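Trainee: I have a model open and would like to go through some of its local geometry. Can we start with the ligand?

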Amino acid sequence: MLTAIVGTNWGDEGKGRMVDLLSADYDVVVRYQGGNNAGHTVVNERGKFIMNLLPSGILRPETANVLGPGMAVDLEHLYGEVNALRAAGIEVEPGHLLLSDRATICLPYHKLLDGLEEDRLGDKKYGSTRRGISPVYADKYMKKTLRLGDLLRTDTLRGKLADLVEWKNLVIEGGYHAPAVTVDELMDWLDRFGRPFADFICDTTRVLSSAMAEDRSILFEAQLGALKDVDFGIYPYTSASTTLSSYAPIGAGIPFARLDECIGITKAYSSCVGEGPFACEFFGDEAEALRTAGGEYGAATGRPRRVGGFDAVASRYGVRMQGCDCLALTKLDVLSYMDRIPVCVAYEVDGKRTDRFPALIDEQNAAKPVYEYLPGFRCDIGGCRRWEDLPGAAKDYIRYIEKAVSCPIRYVSVGPERDACIRLF
Ligand code: GDP
């Protein structure tokens, strides 16, 4: 069974929590795109963990976890993340964690450039996490990066790095007038944070091909959501990678594989980090109430997230772009304080009503939400574990969302804990 777990919206839908729950049924969990700009929060009997680079299956000792070729890996961050897990008693050893020799290394100067560019933009900034993701993906397509496998070639590593540094300093010094970076400092960094992973780096393509040949099950864990996809999202306020399920086999390193299932993760309301169009955004007290109820502060950055009512227009589009077979609706419990629950059923763009998610940023910016309101359920549903336990208004909301986005909801999550989830079919 090859299954992708993806976000249908702007990210932070609760993918990590669903991967943690569902990974019990999978032999391998693979992250296939993005870098440590992700923040997947998992709460289970072993504690609370925030995963940035590591697949959320890392908490299960029997699961193999892969960082695929489609990822950009900041080794310093990986080093910190692995050590934090070890300090919490989680073993992270080769075999349990495998790093693709084809994955791109996110170097300190990528982070530097991310910050320099955001600062230069001032009011026009993208709201980047400043973790180097756009610069490193840009360099990947310029064919000017190191890959994890290069770390193993100690005979050629320094020479490759020197060529990159010579080129990069043209921009750092010449363009941004910042101090040049040096080969020595970067070699030290690679030694310190890359060397400890030498035994983890391998041709993961072969490992996954064998897993498929042995009929073992693979779960593909996405980062962010459809609306942050570089081609199909709110460009240019997207991430720099492909967040869609169709990229999962490629980014994981088994491009010939076909997904058996795509599970979309959809939050019961909207949230968005960073800048860019967000038609359903709440402001003032209304925003504060939802942000507080949902704990909507970025897992990777701590930034307060922008929040709003459920956006059926954007979600329907996200579900379609992801090719979802079914959905997990998360954080339904958060809405229990509302007397009536707003759902954006259409946009008004330049005085015209539309139920289509616009392709261009100007139309997205101009979109005004058209709301319908459903009755609130006004009670704590955190303890519900069966469909029958849910109040009628919560059931009505679930059925309404299902229709609005044209996709069946298989799971309803009512709390962050592993077992706080109801399976509907
Ligand atoms: P991801 O990036 O898609 O994995 O999502 P995040 O981890 O950034 O955000 C989801 C947050 O909501 C985390 O803090 C989770 O612990 C929490 N969470 C997930 N599902 C639920 C739920 O059903 N109810 C509540 N109250 N919290 C949840």
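Trainee: How far from an oxygen atom of the ligand is the polar side-chain atom of Lys331?

Mentor: The distance is 2.9 Å, a polar contact in the sense of a pair of N or O atoms within 3.5 Å. This is a predicted model, where local features need pLDDT of at least 70, side-chain atom pairs count only at pLDDT 80 or more, and totals for chains, interfaces and linings use all residues. Residues are numbered from 1 along each chain as its sequence is written, and side-chain values use heavy atoms, with hydrogens and water left out.

Trainee: What do Ser413 and Gly39 do there?

Mentor: Ser413 has a polar side-chain atom 2.5 Å from a ligand oxygen. For Gly39 it is a backbone N or O atom, 3.0 Å from an oxygen atom of the ligand.

Trainee: And which residues come nearest to the ligand?

Mentor: Lys15, Gly16, Thr41, Asp333 and Ser413, out of 17 residues around the ligand. A residue counts as near if one of its heavy atoms lies within 4 Å.

Trainee: Switching to helices. How do α3 and α5 cross?

Mentor: The axes of α3 (residues 108–121) and α5 (residues 157–175) come within 12 Å and cross at roughly 15°. That makes the two helices roughly parallel, the class for angles under 35 degrees. Axes here are lines fitted to C-alpha atoms, for helices over the stretch in contact, and angles run from 0 to 180 degrees between N-to-C directions. Helices are DSSP runs (H or I, at least four residues), as strands are (E, at least two), numbered from the N terminus.

Trainee: Which residues meet there?

Mentor: Tyr109, Leu112 and Leu113 of α3 meet Leu164, Lys168, Val171 and Ile172 of α5, with contact meaning heavy atoms within 4.5 Å.

Trainee: What about α3 and α4, at what angle do they pack?

Mentor: About 120°, with the axes 7 Å apart; α4 covers residues 133–142. The pair is therefore oblique, the class left over once under 35 (roughly parallel), over 145 (roughly antiparallel) and 65 to 115 degrees (roughly perpendicular) are taken out. On the α3 side, Tyr109, His110, Leu113 and Asp114 make the contact, and on the α4 side Ile133, Pro135, Val136 and Asp139.

Trainee: Now the backbone. Where is the cis peptide bond at Pro236?

Mentor: The bond runs from Tyr235 to Pro236, with omega near 10°. Pro236 sits in the loop between β10 (218–225) and α8 (248–252).

Trainee: What is phi at Asp12?

Mentor: Positive, about 60°, although Asp12 is not a glycine. Asp12 belongs to the loop between β1 (2–7) and α1 (15–22).

Definitions and conventions. Polar contact = N/O pair within 3.5 Å; in protein donor to acceptor, adjacent residues only side chain to side chain.
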